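This briefing covers a strand and its partners, the confidence of the prediction, and the contact between the chains. Please read it alongside the display below.

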Amino acid sequence: MRKEVLGLGSLAVLGTSFLLGCSQNQVPDKDKGILEIRANGEDFVREGFVSKDGWKITFDKLYVNLAEVTAYQITSSYDAETGGQPQATETVLLVPEKTVDLAEGDETAAPILVAKVQATAGRYNALSWKMPTATEGPAAGYSLVAIATATKDGLTIPFTLKIDEELQFTCGDFVGDDRKGILPPGGKADLEATFHFDHLFGDGEAPPEDEINTGALGFAPLAALAENGKLEADSNTLQQILSPGEYKQFQGLLSSLGHVGEGHCHDSLMVHRQGQ
Amino acid sequence: MNGKLILTLMFICLGGWQERAIAHGANIEYKTAPAIEIQATYDSGTPMANAQVVVYAPDDPNNPWQKGTTDEKGNFRFIPDESKSGYWEVKVRQAGHGGIVTIAVDSLNATGNQQSASQSKLGNQQTTEANTILARASNDNKMPQKLVAIASVVWGFIGTALFFYRLKNYHQNTDKPARQL
């Protein structure tokens, strides 16, 4: 009898402990939530666009290698003009390194989900990321690979650009229709790294005198480099073929790709090629 | 004596009512209130004229507190709620460009001077402070109602005085001690 009581009691204690342990694992931390990070090439990449010099550009693949994607909670606002490291009260590493295809999906595709992590609740109003050269995957050896087609006046030029300049962007709060990064306890929020490829080629739907066009390279300089109806070039090739002024302009435009919605970022560009 | 009492009561009520009649004239009040003015420009220095503006209050960064547009010079002005101290945010957007500026509002004292702790840039944006005078005016000219009200009060005092007069005469005529009220 005594043994039976002891046995039943032990079972009861074990069972209760087991249930308590499981329940604690299932109940989420009330001070945390799920923070998502997305990469967005906008409609320019998903649907294609017309460059400032009339070339219709559509992307088959647009790989960007993202690293050290970090979100910050800062007390005021980040000044992208001045730059510097955000003075954050909370920091969360969202993505150590990952290559994503901004052209994934069809014209109606949502911005690419890069990662989702559990993070402390609060306002994440600053974001930074790097674009180093990838060590593996579809963009191995490069920070950005574009596989696309340009068409104008019946002429079609398939082209591939492989960029090995390493970029870094530090940005403030997302600027768009909605607010992002406001993470409630037990809830969900998202952040977005936006890429403005119209800065590189211009926008044929904007006036020629618009700043988006006056500063863009367009596609014509690249079209002139095509051989046998196609173009395959990496950064080294572009530097050799483009004029020094055009290549410097190209590098400057690479630095302007990163945004948070319409919000600007502080950018930097590094080149690790031999002879640079 | 009773007639004098009646006249005295009428004088008092008319005099008091006259003071209230003066209060129904035009009344203009004002107070100074601190305003925040932003100026939004593109990197080229061109003003962001007629750009979309959204203001967010410190206690609700998710929902717009006020919406508007900049003027031809890229300026926009608003008066923050004095009861909401903290970081006010102003978002300006136009033609695919935009930015957010955070303005710290610690407290607003009685004279309307704003104590701001920090400011940030939106392109070449500048944040300035200005004092704004708000004026309110009231005017009540409903004369017929006033006359009826005056007449009613006067008649009330007359009636009360006549009641006590009659009561006094009654007790005098019956030689009975006045009833203690």
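Two strands count as paired if DSSP finds at least two bridges between them. The model discussed here is predicted. On that basis, strand β10 of chain A, residues 166-171, has two antiparallel partners in chain A: β7(A) and β15(A).

**Strand β10 of chain A**
- Five bridges link β10(A) to strand β7 (residues 126-131) of chain A, and the two run antiparallel.
- In this pairing, Trp129(A) is found opposite Phe169(A) of β10(A).
- Six bridges link β10(A) to strand β15 (residues 265-270) of chain A, again in antiparallel fashion.
- Here Thr170(A) has His266(A) of β15(A) opposite.
- β10(A) is largely enclosed by the rest of the structure, because five of its six residues are buried; a buried residue has 20 or more other C-beta atoms within 10 Å of its own.

**Confidence in chain B**
- The average pLDDT of chain B is 73, and 66% of the residues score at least 70.

**The complex**
- The predictor assigns the complex an ipTM of 0.81 and a pTM of 0.72.
- Contact between the chains involves 14 residues of chain A and 18 residues of chain B.

Note on methods: Residues are numbered from 1 along each chain as its sequence is written. Chains are lettered from A and ligands numbered from 1 in the order in which they are written. This is a predicted model: local features need pLDDT of at least 70, side-chain atom pairs count only at pLDDT 80 or more; totals for chains, interfaces and linings use all residues. A residue is buried if 20 or more other C-beta atoms lie within 10 Å of its own, exposed if 12 or fewer, and partly exposed in between; C-beta atoms are placed from the backbone. Helices (H or I, at least four residues) and strands (E, at least two) are DSSP runs, numbered from the N terminus. pLDDT is the predictor's confidence in each residue, from 0 to 100. Two residues are in contact if their C-beta atoms, placed from the backbone, lie within 7 Å.
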